[in-house]
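Subject: Structure handover and notes

Dear colleague,

I am passing on the structure we discussed, together with my notes on it. Please open the sequence and the coordinates side by side before reading further.

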Amino acid sequence: MPVDLYEWAWVWLIYAVIGWCCEVIFVAANEGHFVNRGFLAGPVCPIYGFGVAAVLFCLWPVADNLLLLFIGGVVVTSVLEFVTGFVLEKIFHEKWWDYTGQPFQLGGYICLKFSLMWGIGCLLVVRVVHPLVMHFIRWLHPVAGRIFLVAAFVLLAVDLGVTVASLLKIKKRVRLLHDLEGRIRELSDGLGKNLAAGALAASRAREHNRQELEELKRRYERWTKERDQKARRFYRAFPSLQRLKEKNLPKKDPPMEKFPQGIVIVTNL
């Protein structure tokens, strides 16, 4: 168990580096290539330093009880992971990790699978790794150790400042891109609505013309039918009108007969 700020600083730094190494190995084994998984540019994952520090501070009294150490490790690391993920998302509007596809997850910040893994990791750290770490810290010369810590934390402070500035700049650029995208979408939607309105108007006009033509056709057919009915009634009532009509019809051309001698005779049948 660390006894002063000097040892706590070393604990945080060592486990932040160990955590970064574990993340790199885990991702390389799953994806087949190197990925810098740290929040900062340097080889550190601060959440691991805070996580181990929190576990040691809260669970050292039960370090000899494996069950309580495991359960406490699951709870402490899960709370820390949830709070860290939530705060980072609120500040930068981005999820730095997302367990949404995992079963038994909460908000995408934590899930049962990794919480159990953190519990097992706490057992290994407290019972196996941490005694070696404390032996190394107390083996270092205090002056050399303090000089190294000062230099390391100065570099981390610079790294943190540059990283946050870059993220905020990226966030600003992303906001500008979103604004530009929104403006383009508005113009596109306006053009599309105008085209759609014109197409709908043309379609309605075409449908109206078609309906008018169909109505005229129906009127013409109805008028023709009524006319024929009236004509038949008049012809039945006045047969002479029918004979007069037939008399006024143009006569057909008489048939032509051709004899073998080539003489053409016209006959009236």
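This is a predicted model: local features need pLDDT of at least 70, side-chain atom pairs count only at pLDDT 80 or more; totals for chains, interfaces and linings use all residues.

**The largest pocket**

The largest pocket holds about 1500 Å³ of space. Its lining is made up of 46 residues, and those closest to the centre of the pocket are Glu23, Cys45, Ile47, Tyr48 and Trp118. Five helices each give at least two residues to this lining, namely H1 (5-31), H2 (46-59), H3 (66-92), H4 (112-139) and H5 (142-237), and the largest share, 10 residues, comes from H1.

**The nonpolar cores**

The largest nonpolar core has 28 residues, of which Trp10, Leu13 and Ile137 touch the most other members. H1, H2, H3, H4 and H5 each contribute at least two residues to this core, with the largest share, nine residues, coming from H1.

**The aromatic pairs**

Across the whole structure, a search finds 11 aromatic pairs. In one of them, the ring centres of phenylalanine 82 and tyrosine 109 are 5.1 Å apart and the ring planes stand at 85°, so this pair is edge-to-face. Because phenylalanine 82 lies in helix H3 and tyrosine 109 in the loop between S1 and strand S2 (110-111), the pair ties together parts that are 27 residues apart in sequence. How exposed or buried are the two partners? Phenylalanine 82 has 28% relative accessibility and so counts as partly exposed, whereas tyrosine 109, at 9%, counts as buried.

Tyrosine 109 also pairs with phenylalanine 86, with the ring centres 6.2 Å apart and the planes at 80°, so this pair too is edge-to-face. Phenylalanine 86 lies in helix H3 and tyrosine 109 in the loop between S1 and S2, so the parts tied together here are 23 residues apart in sequence. Phenylalanine 86 counts as partly exposed, at 35% relative accessibility.

**Two single residues**

Valine 74 lies in helix H3 and, at 17% relative accessibility, counts as buried, because the cut-off for that label is under 20%. Leaving aside its neighbours within four places in sequence, valine 74 is in contact with Ser115, Leu116 and Gly119. Valine 74 and cysteine 122 are 48 residues apart in sequence, yet their C-alpha atoms are 8.2 Å apart in space.

The other residue is phenylalanine 104, which is found in the loop between H3 and strand S1 (105-106). Most residues other than glycine have a negative phi. Phenylalanine 104 is not a glycine, but its phi is positive, at about 55°. With 69% relative accessibility, phenylalanine 104 counts as exposed.

With best wishes

Definitions and conventions:
Residues are numbered from 1 along each chain as its sequence is written. Side-chain values use heavy atoms; hydrogens and water are left out. On a 1 Å grid over the protein atoms alone, a cavity is a set of points where a 1.4 Å probe fits but cannot get out, and a pocket is an open set with protein on both sides within 12 Å along at least five of seven lines; lining residues have an atom within 4 Å of a point. Grid points are joined across faces, edges and corners, and a volume is the space filled by probe spheres set on the points. Helices (H or I, at least four residues) and strands (E, at least two) are DSSP runs, numbered from the N terminus. Buried means under 20% relative accessible area, exposed over 50%, partly exposed in between (1.4 Å probe, protein chains only). A nonpolar core is a set of buried Ala, Val, Leu, Ile, Met, Phe, Trp, Tyr and Cys residues joined through side-chain atoms within 4.5 Å. Rings of Phe, Tyr and Trp (its six-membered ring) pair if their centres lie within 6.5 Å; planes under 30 degrees apart count as stacked, over 60 as edge-to-face and the rest as tilted. Contact means heavy atoms within 4.5 Å.
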